[in-house]
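Please keep the sequence and the 3D view side by side as you read.

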Amino acid sequence: MYLQPNFKVAVKPNLILARAAEDGATTHPEVVEGIILFLKDFGVRDIKIIESAWVGDSTKRAFKVCGYEALGKRYGVELEDLKDDSFTARTYDGLDIQICDEALNTDFLINVPVLKAHCQTLMTCAMKNLKGCIPDAEKRRFHSLGLHKPIAVLNALLKCGYVVVDGICGDLSFEEGGSPVEANRIIAGQDLLLIDSFCAELIGFRPEEVGYMSYGKQIGLGEFFSANMSVVELNSDNKPKIQQRGSRAADRYRKMIEEDGACSACYAALIFALHRQGENPARKISIGQGFKGKKGDGLGIGSCTRGFTRCVECCPPKAADIIDGL
């Protein structure tokens, strides 16, 4: 599906609760602002931001606290609380799912998830973000069904036109936020399963470990990202360095790391890997541009440390590969 100026476009961020994006739980409003500006430049006039906070929290409060109320007023974009929406039942693979009509009836759905860990499904990104497009009663039923199959089936029933993943500072271990890891990256594309499988490895999971991805592949949603596929990287000469180290999660692992000029995406991958590994390495791990051209006997992370005895190359490396290196 290709975007047309006359389309009704719905932008679906992740606003599960009223918490600032800097805490690692919700989509940065600046990312959605960029999408709105592009859409308006492209000629799209019918734009909505749609969302439903998790059960027990207020979407309207999240819109306000997370900066979307101001964003909507600034650009004349309507905010739609899907908790107030009607819904329609759709069936796939023997499973009936109630889906909010605003999500079903839009011409072009832009999915803007946060890349972060999740206490029940290991991770959450584009595929799981669509769970905000179902009524609260259906969200509860998803949990009773084990989450993974209904999430995959929902993705077969509700099609997205495009995905823009907010990977700026996703949470380390829990979708509610509080342990953000600064990575400063945005991942975009059209294939949700492909994007989610790529993002899984960025934060330390193989896609086959995540049940809804495995089931999605089984029912024909697509393929996992693989070594024979390529990623187009923009602004590769302007990778941001680590700007803040205030996260308590990062603080726990800093004593294990010898860092010199590390880019934030590379450093974030190492933090996610150490968190998943759950044990102290025998010696400090080296990371950063300051190690270019140097030799070392320990483990180096990223292409800048290729002179080390052991090195997890790539720029930036994936947390899943760092786990293997550890």
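Predicted model: local features only at pLDDT ≥ 70, side-chain atom pairs only at ≥ 80, totals over all residues.

## Helix packing and open spaces

Residues are numbered from 1 along each chain as its sequence is written, and side-chain values use heavy atoms, without hydrogens or water.

Helix α1 spans residues 29-42 and helix α3 residues 68-75; their axes come within 10 Å and cross at roughly 20°. That angle is why α1 counts as roughly parallel to α3 (under 35 degrees is roughly parallel, over 145 roughly antiparallel, 65 to 115 roughly perpendicular, and the rest oblique). Axes are lines fitted to C-alpha atoms, for helices over the stretch in contact, with angles from 0 to 180 degrees between N-to-C directions. Helices (H or I, at least four residues) and strands (E, at least two) are DSSP runs numbered from the N terminus.

From α1, Pro-29, Val-32, Glu-33, Ile-36, Leu-37 and Lys-40 meet Tyr-68, Leu-71, Arg-74 and Tyr-75 of α3, where contact means heavy atoms within 4.5 Å. Seven of the residues in this contact are nonpolar, none are polar and three are charged (Ala, Val, Leu, Ile, Met, Phe, Trp, Tyr, Cys and Pro count as nonpolar, Asp, Glu, Lys and Arg as charged, and the others, Gly among them, as polar).

Another pair to find is α7 (residues 148-157) with α9 (residues 211-218), whose axes lie 8 Å apart at an angle of about 50°. α7 and α9 are therefore oblique to each other, and their crossing is right-handed. On the α7 side the contact involves His-148, Lys-149, Ile-151, Ala-152 and Val-153, and on the α9 side Gly-211, Tyr-212, Tyr-215 and Gly-216. These residues divide into five nonpolar, three polar and one charged.

Now for the open spaces. On a 1 Å grid over the protein atoms alone, a cavity is a set of points where a 1.4 Å probe fits but cannot get out, and a pocket is an open set with protein on both sides within 12 Å along at least five of seven lines; lining residues have an atom within 4 Å of a point.

The largest pocket is lined by 33 residues, with Ile-186, Ile-187, Val-231, Val-232 and Glu-233 nearest its centre. β10 (185-189), α8 (192-202) and α11 (264-277) each give two or more residues to this lining, and β10 provides the largest share, five residues.

The second largest pocket has a volume of about 300 Å³. Its lining holds 21 residues, of which Ile-16, Trp-54, Lys-128, Lys-131 and Glu-175 are closest to the centre. Here α5 (126-129) and α6 (136-144) each supply at least two residues, and the largest share, three residues, comes from α6.

The structure also holds two cavities of 30 Å³ or more. Leu-115, Gly-167, Gly-170, Val-181, Ala-183, Arg-185, Ile-203 and Phe-272 line the second largest cavity.

In the table, a volume is the space filled by probe spheres set on the points, which are joined across faces, edges and corners.

| Space | Volume | Lining residues by class |
|---|---|---|
| Largest pocket | about 1,200 Å³ | 20 nonpolar, seven polar, six charged |
| Second largest pocket | about 300 Å³ | six nonpolar, eight polar, seven charged |
| Second largest cavity | about 40 Å³ | five nonpolar, two polar, one charged |

Conventions. Left-handed = near helix turned anticlockwise from the far one by under 90°.
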